[in-house]
There are 2 protein chains.
Amino acid sequence: MFNFLKQLLIGRPLKSDQLGEQKLNKKKALAILSSDALSSVAYGPEQILIALITVSAAAFWYSLPIACAVLFLLTALILSYRQIIFAYPHGGGAYVVSKENLGINPGLLAGGSLLVDYILTVAVSVSAGTDAITSAFPALHNHNVAIGVTFIILLTILNLRGVTESASILAYPVYLFVLALFLLIGVGLFNILTGTVSTNPHTPIGTPIAGISLFLLLRAFASGSSALTGIEAISNAIPNFKEPASSNAAKTLTAMGILLATMFSGIVFLAYYYGIVPQAEATVVSLIAEETFGRNVLYYFVQGTTALILILAANTGYSAFPLLAVNLAKDKFIPRMFTVRGDRLGYSNGIVILGFASILLIVAFNGHTEQLIPLYAVGVFIPFTLSQSGMIVKWLREKPKGWQAKLFINATGALISLTVTVVFFLTKFTQVWPVLVFLPAIIFLFYRIKKHYDAVADQLRVQDKATAVPIEGNVFIIPIAGITQVVEHSINYARSLSADQIIAVYIPFEREDEKKIEEKWAKWHPDVRLVTLFSPYRSISIPLNRFVDSVERKAKEANYQVTVLIPQFIPKKGWHNFLHNQSGLLIRTTLLYRKNVIVTTVPFHLKK
Amino acid sequence: MFNFLKQLLIGRPLKSDQLGEQKLNKKKALAILSSDALSSVAYGPEQILIALITVSAAAFWYSLPIACAVLFLLTALILSYRQIIFAYPHGGGAYVVSKENLGINPGLLAGGSLLVDYILTVAVSVSAGTDAITSAFPALHNHNVAIGVTFIILLTILNLRGVTESASILAYPVYLFVLALFLLIGVGLFNILTGTVSTNPHTPIGTPIAGISLFLLLRAFASGSSALTGIEAISNAIPNFKEPASSNAAKTLTAMGILLATMFSGIVFLAYYYGIVPQAEATVVSLIAEETFGRNVLYYFVQGTTALILILAANTGYSAFPLLAVNLAKDKFIPRMFTVRGDRLGYSNGIVILGFASILLIVAFNGHTEQLIPLYAVGVFIPFTLSQSGMIVKWLREKPKGWQAKLFINATGALISLTVTVVFFLTKFTQVWPVLVFLPAIIFLFYRIKKHYDAVADQLRVQDKATAVPIEGNVFIIPIAGITQVVEHSINYARSLSADQIIAVYIPFEREDEKKIEEKWAKWHPDVRLVTLFSPYRSISIPLNRFVDSVERKAKEANYQVTVLIPQFIPKKGWHNFLHNQSGLLIRTTLLYRKNVIVTTVPFHLKK
């Protein structure tokens with residue numbers, strides 16, 4: 001039943017060697033890995049204007065130089081990540097790069113940031129997309145949380161089905177969004193060039209503005225750089241690319257950078273030229289589209305594809321989180337289960353946990369996860385800074401051909417990323433302080449987990465055979481609930497194993513039962529020792545544990561091994577379990593967890 | 001931690017032989033077992049008036065003859081139950097009496113009705129009491145469900161602590177209620193005798209009323225007889241009384257009957273004399289109290305004790321349900337767990353399940369369980385009818401001294417009870433039809449459970465030793481996840497048991513792993529056979545089950561027993577469990593449930 005439902009939802013299991021078929025070509029990879037970065041265009045330019053308007057709308061001309069700075073940062077990041085892709089063809093996320101070049105702690109800092117950030121990606125993108133939809137259809141507004149959760153469940157199922165299949169589904173909306181924005185920018189520029197747009201609304205570039213400060217400009221720059229979240233996804237996902245993976249990934253990254261730069265510049269320029277002022281109830285992209293097309297079908301096309309790509313941006317998290325988790329799990333910093341491939345060869349544990357965590361966030365914030373955007377952005381720029389610093393160290397250490405140029409690119413990127421991070425902390429401390437709590441907590445947890453796995457490996461390692469204590473003989477304890485077939489079978493079994501001693505244990509709650517069973521036993525199996533442990537408080541496990549302890553203590557002296565044989569019914573039908581006290585299960589658990597005994601379950605399969 | 005909380009709530013465990021201390025004396029028994037019956041006075045008279053007012057308020061004089069009929073029925077029931085108490089000193093509920101005299105099906109019909117009825121008692125009484133409280137403090141009105149659920153939880157805890165202790169707590173409100181009603185009736189009668197009450201409001205007895213019919217009078221009588229719910233509780237609870245139990249129980253029953261009759265007659269008479277008309281927002285008792293005292297402290301005393309006793313009426317369910325459940329469980333019609341005494345010697349499973357079920361009802365009906373009153377009443381009169389019919393059969397069969405008088409009493413009771421039941425079905429079918437669905441369903445379930453227990457007993461019975469298949473040899477299968485200390489220990493163990501064959505099984509997901517382990521194994525334990533089962537779909541249990549099957553088939557031919565040895569980590573701390581795949585547990589469960597093999601768990605206790 002469960003298996004049937006599972007197959008219906010995620011498809012039939014795939015063989016391990018079918019993995020190759022799931023690899024991505026460039027076109028699909030661009031769609032699946034860049035929706036997060038590209039969708040940032042929907043809010044990045046707006047963030048700049050929102051920061052500037054604290055002075056006045058006249059300051060909007062500053063958005064053009066700020067956009068240039070963001071583009072510069074984008075270029076530096078793209079170039080830097082291209083270098084990473086070739087340097088780390090097996091997947092070079094911030095975690096791997098930082099760990100190898102800067103040491104384990106910076107690596108964990110980067111890994112921890114990204115792990116949390118991918119969850120935020122999913123929650124933030126899905127709720128933003130849901131907001132876009134419910135703005136278009138106000139009747140749905142009260143169901144924001146339900147809609148968001150539904151989208152996450154759908155994304156989770158898509159990703160459990162497998163990477164390529166979800167890419168096929170996701171490719172169209174991403175390309176439609178790119179088409180929509182190019183159309184918007186193209187028509188907008190055409191209108192400007194043909195002079196149909198008034199030049200009045202915007203202040204000329206260079207107009208002096210009172211009250212502008214470097215601090216404010218930095219803040220606007222930091223806000224605008226939230227458009228760059230998601231560009232690291234490709235470098236994490238290199239193993240998902242078709243061969244030659246590195247080269248394909250680098251090309252995809254460049255293509256994404258060009259698309260992002262074009263759309264970002266176009267939107268910033270149109271917003272400036274049209275004199276758009278950010279409003280609470282309409283996004284900047286929506287205002288530009290309205291100005292360009294009027295409220296016709298093209299306007300709705302832009303809005304619809306924007307909503308779609310925001311929801312699909314969440315998919316970046318689904319592609320990147322499980323791969324990062326595998327890297328961390330291979331290094332034993334997070335539970336091993338993240339390395340297990342599911343029926344469809346995806347890392348299903350990572351996918352499912354990501355889905356759960358982001359649903360939790362959406363429910364906890366009642367669908368208003370926009371409040372988390374600064375947290376999310378700072379969580380991206382910390383690993384950006386670390387990975388590029390790592391590359392600096394790498395070039396200084398290895399000094400390959402042309403290392404000066406490479407060093408320059410990464411140094412620039414690192415410096416700007418660091419600046420953005422610092423600016424976030426200086427200007428938005430009230431929103432980003434949780435990073436200072438959860439990052440140390442996560443790193444602490446990473447170390448605890450690592451320590452445990454190391455300790456286990458240590459204890460499991462096979463030592464010289466000489467050190468193992470030999471087993472000189474065996475004592476079998478059989479707790480019984482009466483004189484039955486199962487007990488008979490258990491005694492036969494213990495005898496067939498040439499047990500040195502067999503002790504049946506009966507735990508009566510009433511004195512009468514005690515006598516009754518002793519008399520019966522004497523007739524039935526006079527050769528097997530029966531111990532009765534009267535239990536006035538009607539507990540089975542306390543007297544049994546005490547008895548097992550005393551037997552174990554004696555057995556240990558002679559290097560005897562104690563085994564407890566538990567006769568257990570196996571009912572024919574599930575509901576029958578309610579009709580039997582599950583004492584066998586309880587006894588087994590307490591014995592295994594507390595005592596140094598081996599526990600054997602002798603099943604008795606009921607046939608009716 | 002769990003144990004500490006448990007002891008805090010319900011007290012330290014008691015020894016089985018401390019049971020005697022928990023027995024009830026008459027005064028406490030009256031408090032604990034009669035609150036349900038006595039509290040019925042709060043709504044019984046009102047039900048009569050509500051039925052009569054469908055004709056006119058002038059018809060209210062009929063409430064006096066109807067009350068006489070109810071008192072007659074009460075007398076018959078009390079006399080009949082006295083006879084039952086002496087005839088069945090070990091607890092003679094409707095279930096036992098019907099089963100012994102009428103046969104198993106009538107017994108189950110009575111038992112099933114009562115089982116459901118006790119749940120209804122708790123739900124109905126608690127919500128009525130809650131309503132009384134929230135009527136006095138309207139601010140609490142929106143929290144009806146929460147208050148009701150809290151009361152049920154408190155009652156459950158009280159009853160888990162033990163019968164006597166709860167009786168001490170419960171005795172005061174019950175006696176205060178009796179005091180309040182006697183005060184009310186006494187002052188009322190005094191006022192009437194001293195002539196301070198006008199005689200105008202009521203129609204003289206015997207006034208002819210147009211539109212009155214026998215059907216309507218029967219309906220009013222049936223409604224009024226809802227005041228008699230709960231009087232069977234004492235006869236179910238005889239084993240809870242101090243010795244001489246039967247005689248004490250009979251005296252308590254008589255005392256309860258007298259109290260009930262007095263209060264019922266008094267309220268009906270005052271209501272008639274004052275010319276009270278039932279209102280939606282005030283109960284009849286409240287109107288009488290207001291008329292008698294005005295809105296002074298005595299009025300609030302009456303109202304307060306009424307509210308309290310309604311909630312405590314639920315306690316009757318807590319006393320009766322677990323005892324009835326024990327009787328049914330001893331006959332194997334419901335799960336055996338109902339016969340197990342908890343730490344404080346109460347039948348805790350019954351208490352807890354009753355609490356759960358009534359909370360469910362209150363939540364499902366959103367606190368408005370008054371809708372269930374007719375269902376509840378009919379569920380009482382079915383067993384009344386059955387148990388008295390049973391007594392008729394008993395007297396006819398045994399013919400003890402004076403059997404004619406006894407027969408007459410029980411026959412009268414049976415006839416009236418049957419009439420009430422039939423009238424309920426005729427006049428309130430839309431409210432009582434669910435009985436026709438759930439009673440057959442419950443009886444069906446009873447039989448299914450009985451059948452299962454009988455089948456189990458049959459299969460467990462020890463047969464001639466000759467029929468048991470001897471175990472000629474042993475095969476041990478050890479599934480391994482690598483070459484570790486635990487595996488070493490498992491092999492040593494299997495050898496110490498002089499196993500005839502030891503097979504280690506490794507299930508690789510990748511071909512490389514397969515080779516690696518085979519090479520290592522050949523060096524490590526060349527004498528132990530290693531089987532590798534390559535699993536392209538990354539399932540452990542499917543190939544393992546298949547392998548175990550094939551080994552088992554061969555072993556069976558030679559009467560060999562197959563044992564699967566599962567090495568299992570026992571982590572030192574609870575949270576470590578998340579860090580290990582629980583495949584051992586999964587394998588164990590599927591093997592035990594599906595295969596005829598013995599499963600042994602070899603624990604490996606991690607020390608760090």
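Modeller: Chain A carries 49 positive and 33 negative side chains, and the centres of these two sets lie 4 Å apart. The model is a predicted one, and the values below are computed from it.

The secondary structure of chain A comprises 22 helices and five strands. Its radius of gyration is 33 Å, well over the 25 Å that the globule rule gives for 608 residues, so chain A is more spread out than a compact globule. Along the principal axes, the C-alpha atoms of chain A fill a box of roughly 110 × 60 × 45 Å. Buried residues make up 56% of the 608 in chain A. Among contacts in chain A with a separation of 6 or more, 81% are between residues 24 or more positions apart.

A:Leu591 belongs to helix H22 of chain A, which spans residues 583–594. Its relative accessible area is 0%, and A:Leu591 is therefore buried, the cut-off being under 20%. Apart from neighbours within four places in sequence, A:Leu591 is in contact with A:Asn545, A:Val548, A:Val564, A:Val597 and A:Val599.

B:Thr563 lies in strand E4 of chain B, residues 560–570. B:Thr563 counts as buried because its relative accessibility is 0%. The side chain of B:Thr563 forms a polar contact, at 2.5 Å, with the side chain of A:Tyr493. When neighbours within four places in sequence are left aside, the contacts of B:Thr563 comprise A:Tyr493 together with B:Asn474, B:Val475, B:Phe476, B:Ile477, B:Ile598 and B:Thr600.

Eight of its ten residues are buried, so helix H12 of chain B is largely enclosed by the rest of the structure. The buried residues of H12(B) are B:Val284, B:Val285, B:Ser286, B:Leu287, B:Ile288, B:Ala289, B:Thr292 and B:Phe293. Just after H12(B), B:Gly294 adopts a positive phi of about 75 degrees.

Terms used:
Residues numbered from 1 in each chain as written. Chains lettered and ligands numbered in written order. Predicted model: local features only at pLDDT ≥ 70, side-chain atom pairs only at ≥ 80, totals over all residues. Heavy atoms only, no water. Helix = DSSP H or I, 4+ residues; strand = E, 2+ residues; numbered from the N terminus. Buried < 20%, exposed > 50% of the residue type's maximum accessible area, 1.4 Å probe, protein only. Polar contact = N/O pair within 3.5 Å; in protein donor to acceptor, adjacent residues only side chain to side chain. Contact = heavy atoms within 4.5 Å. Rg over C-alpha atoms; globule rule 2.2 N^0.38 Å. Lys, Arg positive; Asp, Glu negative; His and termini not counted. Charge placed at Lys NZ, Arg CZ, Asp CG, Glu CD.
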